[in-house]
Amino acid sequence: MTVTTQTVREIALENPASIRVFEAFGIDYCCGGRKPLAEACAAKNIALDAVITALENGTASSAPVSDAQSLSALVSHIVNAHHAYVRRELPRLAELASKVVSRHGDTKPELPQIQTKLGQISEELIEHLAKEEVVLFPYITKLERAKNEGTAKPHGCFGTVASPIAMMTQEHEAAGALLAAIRQLSGDYTPPVGACPTFHAFYNGLREFEQDLHQHIHLENNILFPRAMAMEAAQ
Ligand SMILES: [Fe+2]
Ligand SMILES: [Fe+2]
């Protein structure tokens, strides 16, 4: 069976990344998802080829980050790839959470608990991203420019860069702990047998969110922050 003859729902269940593509094209993968993909595209007057290309691209991973790149390039990558992802994904996950809680919250008590923790993550992370973008990252970019130009290091509103870094690192741990609690409540993001596509989409979305956050935190904690501290100490 090819992707064109499979139903939209079958593709969504088999390949979670496809759900974003269906959402982008406005193709119903849930209640009206029992049509073959070709038929669903024809009904909405969407070019089948465009959807197939997007489905193929949707599973391609982004290019790895080189450890040798400049700190300002690394900052841009973090903001454009990971901060943008967090801002795009949190409202989508909140909407999926509302749907699954309203439909299944009475029989699945873990769902409202997950929704509460997701709300906490959302509130804390949005503030966290702003602190990085407004305070820490501009300082790191200026620090690198001063090093390249051989000028004095910039003045920060904190003692050394280690102090905002310590705060950011602590916030990473808090977000990681909330996601670990969600992972546990959801049984490693395992939907119940026979769960609807929205339930699958929610748990898959949470799993991907956790994976992305892990990559994001790795770039900051393990690459950006130690390099920024070393650069400041050397100036
Ligand atoms: Fe970040
Ligand atoms: Fe961060």
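Predicted model: local features only at pLDDT ≥ 70, side-chain atom pairs only at ≥ 80, totals over all residues.

Modeller: Residues are numbered from 1 along each chain as its sequence is written, chains are lettered from A and ligands numbered from 1 in the order in which they are written, and side-chain values use heavy atoms, with hydrogens and water left out.

Biologist: Which protein donors coordinate the iron ion (ligand 1)?

Modeller: Donors are N, O and S atoms within 2.8 Å of the metal (3.2 Å for Na, K and Ca), and since water is not among the atoms, sites may look incomplete. Along the chain the donors follow the spacing H-x48-E-x83-H-x3-E. Lying at 1.9 to 2.2 Å, they are H83 (NE2), E132 (OE), H216 (NE2) and E220 (OE).

Biologist: What arrangement do the four donor atoms around the iron ion (ligand 1) make?

Modeller: Four donors count as tetrahedral if all angles lie between 85 and 135 degrees; four count as square planar and six as octahedral if opposite donors are over 155 degrees apart and all others between 65 and 115; anything else is irregular. Because the angles here run from 87 to 166°, the arrangement around the iron ion (ligand 1) is irregular.

Biologist: How far apart are the iron ion (ligand 1) and the iron ion (ligand 2)?

Modeller: E132, which is buried with a relative accessible area of 0% (buried means under 20%, exposed over 50%, partly exposed in between, with a 1.4 Å probe and protein chains only), coordinates both ions. E220 is also buried, with a relative accessible area of 0%. The distance between the two iron ions is 3.1 Å.

Biologist: Which residue forms a salt bridge with K131?

Modeller: A salt bridge is a side-chain nitrogen of Lys or Arg within 4 Å of a carboxyl oxygen of Asp or Glu, and the count by this rule comes to five. In the bridge that K131 makes, the N to O distance is 2.5 Å. K131 is partly exposed at 27% relative accessibility, and its partner is E171.

Biologist: Which residues are joined with R183 into one network?

Modeller: R183 pairs with D188, their closest N and O atoms being 3.1 Å apart, and with E210, where the corresponding separation is 2.8 Å. E210 is buried at 4%, whereas D188 is partly exposed at 44%. Through shared partners, the network joins R183 with D188 and E210.

Biologist: Which residues of helix α4 are buried?

Modeller: Helices (H or I, at least four residues) and strands (E, at least two) are DSSP runs, numbered from the N terminus, and α4 covers residues 48-58. The face of α4 turned away from its buried side carries the exposed residues D49, E56 and N57. The buried residues of α4 are V51, I52 and L55.
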